[in-house]
Each structure stands twice: as structure tokens, then as C-alpha cells.
Amino acid sequence: MAILIPNEQARRIFLERQGLSLPPSRRLDKAGLLSLIDKLGFVQIDSIATVERAHHMILFSRNQTYRREHLQHLLEKDGELFEHWTHDASVIPSAFFRYWKHRFVRREAVIGERWRKWQGEGYDSAFEETYRRIVEGGPIMAREMKAEEHKSGGWWNWHPNKTALEYYWHTGKLAIAGRVNFQKVYDLTERVLPAHHHEPEVSHEEFVDWACRSALTRLGFATSGEIAAFWALVTPQEAKDWVDAHRDELTEVVIESANGSRPRAAHAFQDFPTSLDSISKPPGRIRVLSPFDPLLRDRNRAERLFNFSYRIEIFVPEPKRQYGYYVFPLIEGERMIGRIDMKADRKAGSLDVRRLWLEPGVRASNGRLEKLDAELTRVAKFAGVERVNYLDGWRG
């Protein structure tokens with residue numbers, strides 16, 4: 001018989017798995033940062049720095065003592081993290097690299113035909129030359145190899161060397177050795193990641209088992225589709241087959257929704273906590289989340305658990321936006337309470353708050369606004385500006 005998980009408990013379980021239940025002011029050293037990213041599984045990378053780039057915001061929201069230089073050191077010096085793809089470009093623990101080799105093989109099988117459609121015949125004309133240049137000359141940026149005769153024509157009109165660099169990165173022959181002004185520096189994978197992360201080789205069965213098992217661990221409870229989508233490494237059918245083959249380890253649960261939709265059946269490991277006694281209650285402070293926070297990556301799951309509908313409106317024409325270009329979600333304890341439109345003006349030294357929207361039923365009490373002000377002060381300091389500036393109409 002399936003176990004019914006009340007919505008409050010389900011939220012607390014997921015928040016704990018997403019690293020949002022630990023005290024955000026506890027000291028986080030470099031080893032602790034690596035452990036946090038391992039707990040999350042990955043941290044999505046994004047170049048937009050309206051306040052701060054997404055990966056920094058994701059980590060800061062979980063621990064206000066987070067230091068950017070620790071992330072850079074783990075990526076560029078220690079080789080304990082690497083950049084690659086889950087559902088999007090992400091920072092991933094290098095301990096998982098051996099499993100990503102299966103992704104490389106899968107990508108190589110389809111990427112040639114797909115890129116030929118995007119780039120046309122001859123898209124691979126500079127592959128051999130580009131790879132030889134890195135073997136002999138060391139790490140390089142795409143701009144250092146740009147073909148003089150190439151005319152830029154948009155995102156997918158890469159020059160031949162850029163195409164080669166991205167192809168070899170997607171298929172594992174190259175890795176990102178660092179970034180300069182957020183532009184990738186490419187080098188041979190064996191020179192970027194320590195040798196012990198390349199071994200041992202894992203079989204296809206071991207790869208699928210790890211991908212599904214580790215996804216379910218980080219989700220707490222999930223359907224087979226959610227398991228497949230977590231890393232975007234295995235197919236929905238592979239995840240379904242894994243669930244069917246491991247039913248002796250799993251238990252059926254039914255998750256109560258917050259948005260009035262019918263309870264949703266899911267899978268969990270048999271040692272899944274069924275009592276709130278074993279689940280940490282998240283801190284009651286307000287925290288600003290990145291639009292790319294993993295808590296909200298699965299929008300449908302977030303809406304069911306938190307009754308919070310969130311969409312990024314970057315690509316929505318301005319007249320059709322409901323909120324704004326880059327609006328940050330707000331969480332208070334275990335409750336999504338609203339969203340805020342703000343931007344760091346580094347010339348003026350201020351974090352400019354343009355607009356605040358609270359969710360229905362969330363009051364703008366003095367106590368709540370004081371907690372919001374405290375959080376925005378922390379965010380301003382993290383973004384390197386001196387003060388919070390509330391613009392006219394911010395509470396309109």
C-alpha cells in the first residue's frame with residue numbers, strides 16, 4: 001500500500017535534499033563547498049549578472065559564507081569540479097566524470113547529423129587543425145582562433161574553430177580549464193581533470209543504475225520521468241526499466257499537492273523518512289533564489305509542491321511579460337512567498353529594487369518586510385554594492 005506524504009512534509013524533504021535546510025550562516029570552507037555541490041548534484045551556470053551570476057546566487061542562497069574563489073579553485077586548480085551538461089550547462093563534481101563518458105558516446109552518435117543541419121556541410125572542416133593546436137600549444141579560447149574570413153551571423157553561426165572546440169567539449173575530448181570574462185578556456189580533458197577521475201570504466205548497466213539511484217536520492221521522491229530528467233543522462237524508458245527492476249528497494253508513495261491538483265504517485269527508497277522527526281525544518285529567514293535554482297528547475301514539480309508558478313521571462317517580448325526580464329523568487333522558511341525585480345547598479349553602488357510581488361495570502365507585514373530588508377542587505381554585500389535602494393513604486 002502506498003504511503004501518503006502530506007504536502008508540508010514533502011516540501012521539507014525536498015528542501016532538505018536541495019541544501020536549503022542547513023543554517024545559512026554556518027562556515028563553509030572549500031571542502032564544504034564541494035560537499036554541498038555533491039549534495040545538489042550540479043549547479044547550473046548562466047552568464048546573466050543582473051545581480052550576480054546564477055551559479056554564485058544558487059550557492060549563496062544556501063550559505064552566506066560562500067566564497068567565489070573556492071569555486072574557482074575547485075574548478076581550475078584542484079580539478080574536483082568540471083563544467084558540462086545536465087539539462088543545461090552546469091558545474092558537476094569530477095567524481096561523476098566517469099559516468100559522463102556514457103553521455104559523450106551518446107552525444108557523439110547524434111551530434112554530427114544535428115550540427116550538419118545547423119551549420120551545413122563542412123562544419124567539421126577545422127576539427128583536426130583545432131585539436132592539434134591544443135595538443136601542441138595548450139589551452140586556448142575561441143576568440144584566439146577565430147577565422148578572419150568568418151562573418152558572424154548569430155548564435156549558431158560559429159566560426160569553424162569554435163565549432164570544433166564545442167564539438168570536442170560536448171564529446172569529452174576537451175574540458176573547460178577556466179573562464180576569462182566568462183568566455184571558456186579549452187584544454188585536453190586529461191590535462192584538466194586528475195587521472196583518478198577518469199577511472200574505473202563503468203558498464204552501461206552501472207551507468208544507468210548510478211544515474212537513476214543518485215537522482216532519486218537527491219529528489220527524495222520522484223516518478224520515473226522525474227528521475228530521467230534530473231541529470232538528463234538516461235532516457236525515460238531506461239528510468240522506467242530501472243524502477244521496475246528495483247522494486248524490492250523502492251516503496252510507493254503518494255505526494256499531496258499544494259495547488260489543489262490530485263495527489264501524485266511516486267517512488268522512493270524504502271528507508272524514506274515517513275516522520276517529520278527526522279527532517280530538518282528550514283530556517284525561517286527570507287532568501288532570494290536564482291531563477292535557475294535547482295529547487296525550481298522542474299517547474300511543474302515546484303508548482304505542485306509549493307503552489308508557486310514561476311517562468312523566466314527573458315525571451316518573452318517586454319509587452320507580454322507578466323513580471324519582468326529577470327525576476328528572483330523569494331522563499332521564507334518552507335514557503336514560496338513571492339518574487340522581486342532588482343538589479344545591481346555597480347556604478348552607483350546600489351542594489352535597486354524595482355518591484356515586489358507577494359503571493360496571494362502573503363501579507364506585507366512589518367516583520368516580513370524587515371526580514372526581506374535583511375536578506376537584500378546580505379545580497380547587496382555579496383554583489384559588491386553598498387546599499388539597497390528601493391525605487392518609487394517598488395511595493396506597487
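Which helix holds both K162 and E166, and how many residues apart are they? Both residues lie in helix α7 (residues 160-170), four residues apart, about one turn of the helix. Helices here are DSSP runs of H or I with at least four residues, and strands are runs of E with at least two, numbered from the N terminus.

The model is predicted: local features need pLDDT of at least 70, side-chain atom pairs count only at pLDDT 80 or more, and totals for chains, interfaces and linings use all residues. Residues are numbered from 1 along each chain as its sequence is written, and side-chain values use heavy atoms, with hydrogens and water left out.

**View 1. The salt bridge of K162 and E166.** A salt bridge is a side-chain nitrogen of Lys or Arg within 4 Å of a carboxyl oxygen of Asp or Glu. In this pair the N to O distance is 3.5 Å. K162 is buried at 16% relative accessible area, and E166 is buried at 4%. Buried means under 20% relative accessible area, exposed over 50%, and partly exposed in between (1.4 Å probe, protein chains only).

**View 2. The salt bridge of K39 and E16.** The side chains meet at 3.1 Å, N to O. K39 belongs to helix α2 (residues 30-40) and E16 to helix α1 (residues 7-17), so the pair ties together parts 23 residues apart in sequence. K39 is partly exposed at 28% relative accessibility; E16 is also partly exposed, at 25%.

**View 3. The salt bridge of E252 and R247.** The N to O distance is 2.9 Å. E252 is partly exposed at 31% relative accessibility, and R247 is partly exposed at 43%.

**View 4. A salt-bridge network.** Salt bridges with shared partners join E8, R11, R12 and E334. The whole structure contains 32 salt bridges.
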